[in-house]
Amino acid sequence: MKISINRHLMQRLGFTGITLMAVATVLPIVAVVIYILAQGLPAISTEFLTGFPHDGMRAGGILPAIVGTLYLTIGTAIFSVPLGIAAAIYLSEYASDTPLTRTIRIAIINLAGIPSVVYGLFGLGLFVLFLKFGTSILAASMTLSIMTLPVIISTAEEALRSVPQAFRTVSISLGATRWQTIRRIVLKEALPGILTGVILGLERAAGETAPILFTGAAFFLPRLPGSPFDATMALPYHLFVISTQVPEMPIKIQYGTALVLLVFVLTMNLIATVIRSRARSKRQW
Amino acid sequence: MEKSLNWREFIITRLIQTSGYSAILFVALIFFFLLREGLPALSEVETSSLFNPRWYPIEDYFGILPLLTGSLIVTLGAGLIAVPFGIGTAVYISEIAPRWMREILKPLVELLGGLPSVVLGFLGILVLSPFIRVFLDLPTGLTALTGSILLGGIAVPTVVSVAEDALDAVPRAYREGAWALGATRWQTIWRVTLPAAKSGVLTAIMLGVGRAIGETMTVMMVTGNAPVLAVKLGSLFSPVRTMTATIAAEMGEVANGSTHYHVLFFIGMVLFLISLGVNIAASSVVFRAKKRAERILS
């Protein structure tokens, strides 16, 4: 009898301990978001969101950084979305379990693990210097695309695989070709899952700094970039600059910039979560 | 009509196939460019001085040992935080939490994974490092420990999601069998579920550590960036400089093609090989576990 009391006491202690650990993991996340919201909101004004920085960035707005991050995110999407989805289609619909396929999978896992600053080096070596794009939106977007690719491929492949095999069998038996089946049936059913993966991948790209440090980020620009071959300011790099490189930087502007970046990223995260949960509740198979 | 359909189908299939192979191409390209720009370092700097304990590029001291130890100590600290908290949270989410709690916790952990590292570094400078300086009574709050705490946070989502997948994959029958034998839920978790998910949990740890060693911005902002050899445990409380931070901080200022430039690429090559090793090890653990499971079940 004594043993069994100890066992149950043990369980209660253990469960409490694990619960506390989970709370200790999650609470700081909530605290970080609330703290930045509270500290950053006073800095937000029309001038801050639509103006250019002046007085050595110690006053004015962050418009060029916001626009730059938008450009970089769109640029990343242009390269990584079609390529990523096509690669996912290949892995899910065409590839069989050969050594080549396994090599592709290992390559994807490795791409996902390569440090972001190494992507920066690669981008500098290939896009900026070898292909002579210069420090530009184009070079930075392409660097970010390759970094985003593994996220998009693996989530899109998972979404494609979750479409029941019967859908494909029926479509083929009705006389559709393989590509018609993929385009009209499989892709359509997997769309919400793919979209979630795409947004989560782009969210990461939008928040990254290290890959754009030497491929496209500019310390300060007095005007908006006019072509893909121009360098650009970007929110994460701007936050890095004003929090470490500019002396006597007003704290309000720093928190304001952090807040705008956070809202940018959180909005994408929220959209992805909503798409996923709506698709799950609507799914009939 | 029939013919053009076939042609389109053929071209599209080829395009898709090429995209499929692109991942291999990119890994190869990345490795090639790191080699191309990094290997000249070996001929320009003597191998013995590369392993010198002094990193002072202005006077041509290119010892990468302080950077290696800096990365190791920060990553070790991050692992000591991320592994218990990550696995604890994964166990809680997968085994203990009621359904509604799970629906709240999972997106929150995912959110942490999406937080830009520069935002964490920013808060590290303004909030965490002053706290550490006062709390531990140190001359500066920008220490390896500060980096470790934040990196721990960055590695946690990776550990949680991989470990949770592994725990979820353990068949329900295992747990029911243990309960039927009179084990409590706690005993079941420790003696049945976790051991059954061992390989997945191991993968989670490796990928988490891999994530930590490659993190750049947070570390550069909060560890103080002093290239000193970190070999004692006390180094945790003093400034260090990691490999990633060195590349990020110095690449912008070097002349293309200089020795310094080549050495920075060489460090990038070392980082690439470390992440390659970690990831191949992690996927081979999974692969072997899968093979073993197939053997037992057949």
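Colleague: Hi! Which side chain meets A:Glu157 in a salt bridge?

Modeller: In this predicted model, A:Glu157 pairs with A:Arg105, at 3.1 Å from N to O. A:Glu157 sits in helix 6 (residues 137-161) of chain A and A:Arg105 in helix 4 (residues 99-113) of chain A, so the pair ties together parts that are 52 residues apart in sequence.

Colleague: Nice. Is A:Glu157 buried or exposed?

Modeller: A:Glu157 is buried, since its relative accessible area is 9%.

Colleague: What about chain B, what does B:Arg241 meet?

Modeller: B:Arg241 meets B:Glu250 in a salt bridge, with 2.4 Å from N to O. B:Arg241 is buried at 11% relative accessibility, and B:Glu250 is buried at 10%.

Colleague: Got it. And how far apart are the closest N and O atoms of A:Glu189 and A:Lys188?

Modeller: They are 4.0 Å apart, and the two residues form a salt bridge. A:Glu189 is partly exposed, with 28% relative accessible area, while A:Lys188 is exposed, with 57%.

Colleague: Changing topic to the helices: at what angle do helix 3 and helix 10 of chain A cross?

Modeller: Helix 10 covers residues 235-244, and its axis crosses that of helix 3 at roughly 140°, with the two coming within 8 Å. That angle makes helix 3 of chain A oblique to helix 10 of chain A.

Colleague: Which residues meet there?

Modeller: From helix 3 of chain A there are A:Ala65, A:Ile66 and A:Thr69, and they meet A:Leu235, A:Pro236 and A:His238 in helix 10 of chain A.

Colleague: Tell me about A:Thr69. Buried or exposed?

Modeller: A:Thr69 is buried, because its relative accessible area is 2%. Leaving aside residues up to four places away in sequence, A:Thr69 touches several residues, including A:Ala206, A:Met233 and A:Phe264.

Colleague: Last one: which residues form the nonpolar patch on the surface?

Modeller: A:Leu70, A:Tyr71, A:Ile74, A:Ile78 and A:Phe79 make up that patch, and together they have about 460 Å² of accessible area. A:Ile78 belongs to helix 3 (residues 63-94) of chain A.

Colleague: Why does A:Ile78 count as exposed?

Modeller: Because its relative accessibility is 57%, and exposed means over 50%.

Key:
Residues numbered from 1 in each chain as written. Chains lettered and ligands numbered in written order. Predicted model: local features only at pLDDT ≥ 70, side-chain atom pairs only at ≥ 80, totals over all residues. Heavy atoms only, no water. Patch = residues over 30% accessible without salt bridge, like charges linked within 9 Å, V, L, I, M, F, W, Y side chains within 5 Å. Areas by Shrake-Rupley, 256 points an atom, 1.4 Å probe, with all protein chains shown as cover. Helix = DSSP H or I, 4+ residues; strand = E, 2+ residues; numbered from the N terminus. Buried < 20%, exposed > 50% of the residue type's maximum accessible area, 1.4 Å probe, protein only. Axes fitted to C-alpha atoms, helices over the stretch in contact; angles between N-to-C directions. Parallel < 35°, antiparallel > 145°, perpendicular 65-115°, else oblique. Contact = heavy atoms within 4.5 Å.
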